[in-house]
Amino acid sequence: MANVTVIGAQWGDEGKGKIVDWLASRADAVVRFQGGHNAGHTLVVGDTTYKLSLLPSGIVTGTLSIIGNGVVLDPWALKAEIAKLEGQGVTINPDNLAVADNCPLILPIHRDLDGLRETAAGSGKIGTTGRGIGPAYEDKVGRRAIRVCDLAHLDHLEPQLDRLCAHHDALRAGFEEPPVDRERLLRDLREIAPFVLQYAQPVWKRLKKVRKAGAKILFEGAQGVLLDVDHGTYPFVTSSNTVSGTAASGSGLGPNSTGFVLGIVKAYTTRVGSGPFPTELDDENGQRLGERGHEFGTVTGRQRRCGWFDAVLVRQSCAISGVTGIALTKLDVLDGFATVKICTGYRLHGKIMDYFPSHSADQAAVEPIYEEMDGWQETTAGARSWADLPAQAIKYIQRVQELIETPVALISTSPERDDTILVRDPFMD
């Protein structure tokens, strides 16, 4: 049995929640390894819809769920999300939820700074969710973060607070804001500490034990490869590495533990927030994709930009992240289109390109080269086998996997867990 690492192969919002939930029901542990509570996953189980933003998707089924050290943790958001899920009948306790004790914390001052920067940026906004994720990662690499383990040592926090406040006070002064209220921050941390510490532990040790027992581990990524701080559409990216390799460093297990890499790919393309988007459609086709796909962010509610499938971007994401196979989602959104298009290359200043360039000016200037295919009028919604799919839909799927040079392992045909066509079982690889 292989472990499985799930990542988004576009700009996030590919439908990872449903796929992770489907896989989590067969896993023994689910691990979040990067990101913060800006990454929304929607799970539909029977008649109940669960909206997660921080907790691993396995928590809904009672699977051991682990928040790894690569995550930045807002303790108040954690408490609120747990309370919300418990209100829906989900049981959450230290037996099925573990939080890495070396996770950096997202503090109120991080949310403050996030909002101040975005407001001041004007037309140069990155398009963050304003939840403090970026500033928290900055403090992590700046070696001034307060971590989960520090909550057990708040009486000895003064030296860390000195470093933290020296940095933030200077930034706040630039925005004509008062200095950090240290007493209030400490008071807030003392209040939340007992709640968080009940889940805190060295999760690398627990995962080592789980792996030694031969259990199946599912590593759950957030956002998508095109939002990776190194490999994405910089600077319109998130603040962490979203590629599959981060599963190792963000959980405390070695790179040989990540197993089958499953890239989640939407049958078209969407993006939330600012930044380049070569196949974006500002016409009735784009509107139709958005309406049929219910394209609104799980966490923010922001409307997503929509466009045709971009094979160049997905091929690049699969190569960078070592994707073994893809899960193609939301195929049913394309039902009824007379024709569908796939971007197979770019034209930049008269030259043909088969990859997405690194410079933001070039990214904004590329023009998509399209291949057009006949659409299908039959429905694919709810299909659970190849035989249930229209012939033209099968041709579309086959062309996609040819162009991205990566095989299809799963096809999702609705938000329902069981509406899935299994081509290749990631856990049996």
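Q: In which strand is H41 found?
A: The model is predicted. UniProt, in an unreviewed entry, lists H41 under "active site" together with D13 and K140. In the model H41 is found in residues 41–45, that is, in strand β3.

Q: Does H41 count as buried or exposed?
A: The criterion for buried is under 20% relative accessible area. The relative accessibility of H41 is 5%, so the residue counts as buried.

Q: Up to what distance between C-alpha atoms are the "active site" residues spread in space?
A: The "active site" positions in the unreviewed UniProt entry are D13, H41 and K140. They are spread over 128 residues of sequence, and they are spread in space as well, with C-alpha atoms apart by up to 26.1 Å.

Q: Which residues does D13 touch, not counting residues up to four places away in sequence?
A: D13 lies in the loop between β1 and α1. Its relative accessible area is 22%, so D13 is partly exposed. Leaving out residues up to four places away in sequence, the residues touched by D13 are K266, T270, V272 and R304.

Q: With which residues is Q303 in contact, leaving aside its neighbours within four places in sequence?
A: The unreviewed UniProt entry places a "binding site" at positions including R302, Q303 and R304. Q303 lies in the loop between α9 (284–292) and β11 (305–307), and its relative accessible area of 59% means that Q303 is exposed. Beyond its neighbours within four places in sequence, Q303 is in contact with E295 and F296.

Q: In what order do the 10 strands form the open sheet?
A: Strands of a sheet can pair either parallel or antiparallel, through backbone hydrogen bonds. Here the pairing is mixed, and the open sheet has the order β7-β6-β5-β2-β8-β1-β9-β13-β17-β18.

Q: Which are the edge strands?
A: The open sheet is formed by 10 strands. An edge strand pairs on one side only, and this holds for β7 (200–201) and β18 (420–422).

Q: About how many degrees does the direction of helix α1 make with that of β1?
A: Helix α1 (residues 16–24) packs on the sheet, where it touches β1 (4–8), β2 (29–32), β8, β9, β13, β17 and β18. The angle between the direction of α1 and that of β1 is about 170 degrees.

Q: Which residue in β17 does I326 stand opposite?
A: Strand β13 pairs with β9 (residues 260–266) in the parallel sense over 5 bridges, and with β17 (residues 408–412) in the parallel sense over 3 bridges. I326 of β13 stands opposite G263. In β17, the residue opposite I326 is V408.

Q: Which residues of β13 point the other way from G325, A327 and T329?
A: In a regular strand, side chains alternate between the two faces of the sheet. Strand β13 (residues 325–329) is mostly covered, with 5 of its 5 residues buried. G325, A327 and T329 point one way, and those that point the other way are I326 and L328.

Q: Which residues have the most contacts inside the largest nonpolar core?
A: Nonpolar side chains tend to be buried together in soluble globular proteins. The largest nonpolar core of this model has 92 residues. Apart from it lies another core, of 17 residues, among them W22, V30, L218 and A409. Inside the largest core, the residues with the most contacts are L73, L334 and Y396.

Q: How many disulfides does the structure hold?
A: The sulfur of C149 is 9.8 Å from the nearest cysteine sulfur, that of C103, and C149 is in no disulfide. The sulfur of C343 is 15 Å from the closest cysteine sulfur, in C318, and therefore too far for a bond. With a relative accessible area of 0%, C343 is buried. The number of disulfides in the structure is 0.

Q: Which residues does a cis peptide bond join?
A: P235 lies in the loop between β8 (217–220) and α8 (246–249). Omega is about 5 degrees for the cis peptide bond that joins Y234 and P235.

Q: What positive phi does E176 have?
A: E176 lies in the loop between α5 (158–174) and α6 (182–197), and its 75% relative accessibility means that E176 counts as exposed. Although E176 is not a glycine, its phi is positive, at about 60 degrees.

Terms used. Residues are numbered from 1 along each chain as its sequence is written. This is a predicted model: local features need pLDDT of at least 70, side-chain atom pairs count only at pLDDT 80 or more; totals for chains, interfaces and linings use all residues. Side-chain values use heavy atoms; hydrogens and water are left out. A nonpolar core is a set of buried Ala, Val, Leu, Ile, Met, Phe, Trp, Tyr and Cys residues joined through side-chain atoms within 4.5 Å. Buried means under 20% relative accessible area, exposed over 50%, partly exposed in between (1.4 Å probe, protein chains only). Helices (H or I, at least four residues) and strands (E, at least two) are DSSP runs, numbered from the N terminus. UniProt positions are given in the numbering used here, feature names are shortened, and annotations may be inferred rather than shown by experiment. Contact means heavy atoms within 4.5 Å. Two strands pair if DSSP finds at least two bridges between them. Axes are lines fitted to C-alpha atoms, for helices over the stretch in contact, and angles run from 0 to 180 degrees between N-to-C directions. A disulfide is a pair of cysteine sulfur atoms within 2.5 Å.
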